[in-house]
Amino acid sequence: MAPTPAGGRRTRVHVVSDVHGNARDLARAGDGADALICLGDLVLFLDYADHSRGIFPDLFGAENAGRLVELRTARRFGEARELGARLWSGAGGDRATLIEKAVRRQYAELFAAFPTPTYATYGNVDMPQLWSEYAGPGTTVLDGQRVEIGGRTFGFVGGGLRTPMRTPYEIGDEEYAAKIEAVGEVDVLCTHIPPEVPELVYDTVARRFERGSRALLDAIRRTRPRYALFGHVHQPLVRRMRIGATECVNVGHFAGSGRPWALEW
């Protein structure tokens, strides 16, 4: 991690999202930067590319994980929930307790990998109630809040909107819009989910539209930040596009690429 910027020196920030258990590359993600920004989804519950990785296959095996992925990809969410219910009923323990124990193991490794300073917000698969236990003094957690980095103002809004997937940190549209409103006008608007634009929310591998935020899109048009940065959609139809004066960038599926996106000024 580079030293804190001073005087007229340029500032460089690295941005990651959708870490999904990739602690090895996360430990190097801040190299050469003045700060690291993480836009959430630290937890790996189920890897759609490698069915042997994640909390679900650790508990129920890769074959069952593959079947769950197949059902979800086909949007047969009712059957997917039925499969999950059958498996959890024979898991030999309380579902919430088993998941929290597994998430805690991942968080201990991932938060230890964050460089100083790191600014982070939650993804839809994260468990916000646990973050305060693992975020060290070099990690600032923000949600509906702002921070100044190198003379620019960054706003952060975490989580996702409600979907049939029922991931841990999905909230209602009104609550999400209130967080967007609380952030106000910023130079860089950092969120986990993208604005509600078809090209930005369609995942070409999962073959479905993920949920984006209309309130976020409206805020981008109204407040005109320099950048709107987000993740959530792992293989988007379009990774980058301009909305008015704002450059909108999907900073990538860090679990797969292992490479941060860089912003320098």
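Which strands form the open sheet, and in what order do they lie?

Analyst: This is a predicted model, in which local features need pLDDT of at least 70 and side-chain atom pairs count only at pLDDT 80 or more, while totals for chains, interfaces and linings use all residues. Residues are numbered from 1 along each chain as its sequence is written, and side-chain values use heavy atoms, with hydrogens and water left out.

The open sheet has 6 strands, in the order E5-E6-E9-E12-E14-E13, and their pairing is mixed. Its edges are strand E5 (145-149) and strand E13 (240-243), each of which pairs on one side only. From one strand to the next, the twist averages 20°. Some terms are needed here. Strands (E, at least two residues) and helices (H or I, at least four) are DSSP runs, numbered from the N terminus. Two strands pair if DSSP finds at least two bridges between them. In general, strands of a sheet pair through backbone hydrogen bonds, either parallel or antiparallel.

Gln145 has Phe156 in E6 as its bridge partner. Helix H7 lies across E5, E6 and E9 and runs at about 170° to E6. Contact means heavy atoms within 4.5 Å. Axes are lines fitted to C-alpha atoms, for helices over the stretch in contact, and angles between N-to-C directions run from 0 to 180 degrees.

Next come the charged side chains. The count is 18 salt bridges, each being a side-chain nitrogen of Lys or Arg within 4 Å of a carboxyl oxygen of Asp or Glu. One of them joins Asp187 to Arg226, with the closest N and O atoms 3.8 Å apart. Asp187 is in the loop between helix H7 (173-183) and strand E9 (188-191), and Arg226 is in the loop between helix H9 (214-223) and strand E12 (227-230), so this pair ties together parts 39 residues apart in sequence. Asp187 counts as partly exposed at 22% relative accessibility, and Arg226 is partly exposed at 45%. (Buried means under 20% relative accessible area, exposed over 50%, and partly exposed in between, with a 1.4 Å probe and protein chains only.)

Arg242 also forms a salt bridge, with Glu247, where the closest N and O atoms are 2.9 Å apart. Glu247 counts as buried because its relative accessibility is 14%.

A further salt bridge joins Glu264 and Arg10, with a closest N to O distance of 3.5 Å. Glu264 is in strand E15 (residues 261-264) and Arg10 in the segment before strand E1 (12-16), so the pair links distant parts of the chain, 254 residues apart. Arg10, Arg12 and Glu264 are linked in a network of salt bridges.

The last topic is the aromatic rings. The whole structure holds 14 aromatic pairs. Rings of Phe, Tyr and Trp (its six-membered ring) pair if their centres lie within 6.5 Å; planes under 30 degrees apart count as stacked, over 60 as edge-to-face and the rest as tilted. The ring centres of Tyr107 and Tyr134 are 6.1 Å apart and the planes meet at 55°, so this pair is tilted. Tyr107 lies in helix H5 (residues 95-113) and Tyr134 in helix H6 (residues 128-134), so parts 27 residues apart in sequence are tied together. Tyr107 is buried, at 0% relative accessibility, whereas Tyr134 is partly exposed, at 22%. Both belong to one aromatic cluster, along with Phe111, Phe114, Tyr122, Trp131 and Tyr169.
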